[in-house]
Protein chains: 4
Amino acid sequence: MASKALAIIAGVGPGTGASIARRFAKSYSVVVLARNPDNYDPVVQEINSSGGQAIGISTDVSDSKSVNAAFDKIKAEYPSSKVAAAVFNPGGGFVVKPFLELKEEDYSYALKSQGQGAFNFAQRAIPLLLEARESSEHPPTLIFTGATASLKGSAKFAAFASGKFALRALAQSLAREFGPQGVHVSHTVIDGVIDIPRTKAWVFEHEDAKLSPDAIADSYWYLHTQPRTTFAFELDLRPYIEKW
Amino acid sequence: MASKALAIIAGVGPGTGASIARRFAKSYSVVVLARNPDNYDPVVQEINSSGGQAIGISTDVSDSKSVNAAFDKIKAEYPSSKVAAAVFNPGGGFVVKPFLELKEEDYSYALKSQGQGAFNFAQRAIPLLLEARESSEHPPTLIFTGATASLKGSAKFAAFASGKFALRALAQSLAREFGPQGVHVSHTVIDGVIDIPRTKAWVFEHEDAKLSPDAIADSYWYLHTQPRTTFAFELDLRPYIEKW
Amino acid sequence: MASKALAIIAGVGPGTGASIARRFAKSYSVVVLARNPDNYDPVVQEINSSGGQAIGISTDVSDSKSVNAAFDKIKAEYPSSKVAAAVFNPGGGFVVKPFLELKEEDYSYALKSQGQGAFNFAQRAIPLLLEARESSEHPPTLIFTGATASLKGSAKFAAFASGKFALRALAQSLAREFGPQGVHVSHTVIDGVIDIPRTKAWVFEHEDAKLSPDAIADSYWYLHTQPRTTFAFELDLRPYIEKW
Amino acid sequence: MASKALAIIAGVGPGTGASIARRFAKSYSVVVLARNPDNYDPVVQEINSSGGQAIGISTDVSDSKSVNAAFDKIKAEYPSSKVAAAVFNPGGGFVVKPFLELKEEDYSYALKSQGQGAFNFAQRAIPLLLEARESSEHPPTLIFTGATASLKGSAKFAAFASGKFALRALAQSLAREFGPQGVHVSHTVIDGVIDIPRTKAWVFEHEDAKLSPDAIADSYWYLHTQPRTTFAFELDLRPYIEKW
């Protein structure tokens, strides 16, 4: 099984990240990265106990040393596996505050966890994706998770929007550089509340008013399966009831 | 078979429209509309002879009388079928000329075939899509085909870009009005040369440099299958090698 | 005085158009176009009685014959004048209705008055602006007035947004074609309620909540005075209190 | 003279920043900030010797301590002056490299000098701008300088585009929060080569092919003079000959 291809997913908690891990685990060995093992342990166990293969590595994506250590460990664990997909999905830096109440750290942390984190992740993932071009069934794929704040800097969202705008800039730049080299780089815009444990108590007037993390994961898988003749770069996803 | 759901596809020639028809014919009865029957006859025959069900109706989408006649005929042919999907894909109005050489008709035809045509089509399709909400496996779906010129008005593209911008405005407005009513409205941005008979002779330096119409059709089908918790509005599709 | 340069302004009523006419009349002879002379007569008289020079010509911009007649009349009245600026500002096609209640004419009229009207106007204005390059103090300028609906197709705005999107496409295409030839083409996005007679009764919680037509006119004049080293294409204008 | 209003301009070298300083010095006392005094000394001397008033303060905007010290010094020098305008114009973080050759520091420096620097500057400037609302002739104004890379993440521009996207997000967020409070927040998109000493040797086929820093400065002044009924948020500026 060591030669099964890998999917590496950064930012895995009980929501979207776990759904993406489950979805990609149907075809690949999955490596999930998050700072706190409590966040990924359940999905790692679930995947392994249901016939899939997964490991988790405690990683702080905003710290290049931590990212390098994680990728070194991946190489050690799966010396002969190719990386078919990499997903950057951390939620760090979300803070909603009047601008003059933002701390310097609120802002710098949003830039670090979204922008710098994605940079650190991409610098290690892209060489592996390039190596996988020959052997992959689908073009090797790098997906970044964006949000409403990727397109609009709303009042009180200065920090998070700055991080998400930076992430989108990075994704565009990588798509334009590595798309022509055969790596599929995509960016999603998740525009709405996701139906995860943390939002269970949020009740809306209409049913189905929250994004399904499994449906988001299906979209990521769909992006991954596109042939290189027909790559999508950006996909916006929102509940049917969402105002936008 | 009369109760099989329908997909109605406007703008069917030997390229993308035919691929969409083939793809949706795997699950639905298909009605294809184009001005010239020569454009749709081959794919109608192909679908019918391979176990699917299809009819073609000669229609000028820019003429509301013609569109009304087509939908009346659909109702007569399939009195008890629900419409699960409708796709607006006509290519009319494409003209590349210095602005001062454009004829009044060049410009008005682009607005008519893209904007007014989509309006005519949507006014008849939406009531049918609304009726299908209860019975459809997937949310009833209305997809509009855009182009590079949907996002950028380049020099010499005044006419076509005006038509495609208008079409995108219509799509956005419908998505915002009918999304919350359970109809999935999407708009695609086809950014590149499509690999169809008309472009066979266009040779590029790299292989796979043209969009695959079958892959575009897969994307449309994917959009159609999204649950209402997780609708995409816009999807950009381009060959990996495309500059953008 | 026949050699004073001209500014031609289409779409002049008691609001923005009149303010633009007044502003440009400080430097140029002004020709104002509107369907109904009642709309431009007051500002024409006001300009002429306060030391400026203005004429009005009844014109339906959506009708190329009417536009051609107007420009022929301008040529006859001012045989030796150069055209330093042309502004397209008609408000036609504004209608807010649920999509299924829109009439075919509502939609086609929006496309005609915004898209086709701008096409008709630009085809006659651009050759005159090109002729004026040598003699103009400022680069000859063509400005199109957009709206919130130029950037966003909201629910119930299918018709107006389609017209305004088409207009913006045209403006972009012309800017890219004629900018390099020395004609400054711009597009404004007027995002909010303008303080005109028709909106006098609309009261907002905050003062200064409506756009000042004179301030809009100052912006147009500012755009006109930019040197060709430093052209702006798009300018968004809104009251400080506006949500966007 | 202590009661003359102030303009604070961060990022002043021999190009755009100096032109902005000169332009605002016609009406205000000017404080210019840059890391290296060599960059601002000439324009400070020029303004002071031609009847204006200017001081320079050596400041690293990416370091909040340095920014705080600069603003404390401004307060000490001008205890009774109001701040009518603040401009954030640093060019730091510009680097063009294939992504895999970018150093971690290249990327983090772009985020720091553009995003974090603007955050540091805005946190100190905005309270002063709010204080100036009553006494200012024009609404107090905060302008951020963007670039082509503010809207598009091109290949090899991952670092600079991430910084400039972050800056634009910050500007949007501040405009939406402080516009309704009477502070005019704007963002410019400088799309082209600026005609400064560093680019003197760059020769183009056409004359006037570079942006004039004085014309850019006029645009900033124009934005500053807009009344609160009619604020522009974003202004794109490019040479007539520029491809876009």
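A:Ser19 is buried, with a relative accessible area of 4%. Buried here means under 20% relative accessible area, exposed means over 50%, and partly exposed lies in between (1.4 Å probe, protein chains only). The model is a predicted one, in which local features need pLDDT of at least 70, side-chain atom pairs count only at pLDDT 80 or more, and totals for chains, interfaces and linings use all residues. Residues are numbered from 1 along each chain as its sequence is written, chains are lettered from A and ligands numbered from 1 in the order in which they are written, and side-chain values use heavy atoms, with hydrogens and water left out.

A:Ser19 belongs to helix 1 (residues 16–25) of chain A. Helices (H or I, at least four residues) and strands (E, at least two) are DSSP runs, numbered from the N terminus. Contact means heavy atoms within 4.5 Å.

A:Pro14 lies in the loop between strand 1 (6–10) and helix 1 of chain A. With 58% relative accessibility, A:Pro14 counts as exposed. A:Pro14 touches A:Asn39 and A:Pro197, again not counting residues up to four places away in sequence. A:Asn39 is 25 residues from A:Pro14 along the chain, and their C-alpha atoms are separated by 6.4 Å.

Backbone angles come next. Most residues other than glycine have a negative phi. A:Lys156 is not a glycine, yet has a positive phi of about 75°. The residue sits in the loop between strand 5 (141–147) and helix 5 (158–178) of chain A. A:Lys156 counts as partly exposed, at 40% relative accessibility. In chain B, B:Lys156 has a positive phi of about 75°. B:Lys156 is placed in the loop between strand 5 (141–147) and helix 5 (158–178) of chain B. B:Lys156 is partly exposed, at 40% relative accessibility.

Two packed helices are described by the angle between their axes and the distance between the axes. Axes are lines fitted to C-alpha atoms, for helices over the stretch in contact, and angles run from 0 to 180 degrees between N-to-C directions. In chain C, the axes of helix 1 (residues 16–25) and helix 2 (residues 37–49) come within 10 Å and cross at roughly 20°. That makes helix 1 of chain C roughly parallel to helix 2 of chain C. Angles under 35 degrees count as roughly parallel, over 145 as roughly antiparallel, 65 to 115 as roughly perpendicular and the rest as oblique. On the helix 1 side, C:Ala18, C:Ala21, C:Arg22 and C:Ala25 meet C:Val43, C:Glu46 and C:Ile47 of helix 2 of chain C. The contact residues divide into five nonpolar, no polar and two charged. Ala, Val, Leu, Ile, Met, Phe, Trp, Tyr, Cys and Pro count as nonpolar, Asp, Glu, Lys and Arg as charged, and the others, Gly among them, as polar.

In chain D, the axes of helix 3 (residues 64–77) and helix 4 (residues 104–131) come within 8 Å and cross at roughly 25°. Helix 3 of chain D is therefore roughly parallel to helix 4 of chain D. Their contact has five nonpolar, three polar and four charged residues.

Chain A can be laid on chain D with an RMSD of 0.0 Å, by a turn of 180° and a shift of 0.0 Å along the axis. That is the relation of a two-fold axis. Copies are superposed by least squares on the C-alpha atoms of residues with pLDDT of at least 70 in both. Of the interface residues of chain A, 100% are also interface residues in chain D, so the copies meet through the same surface.
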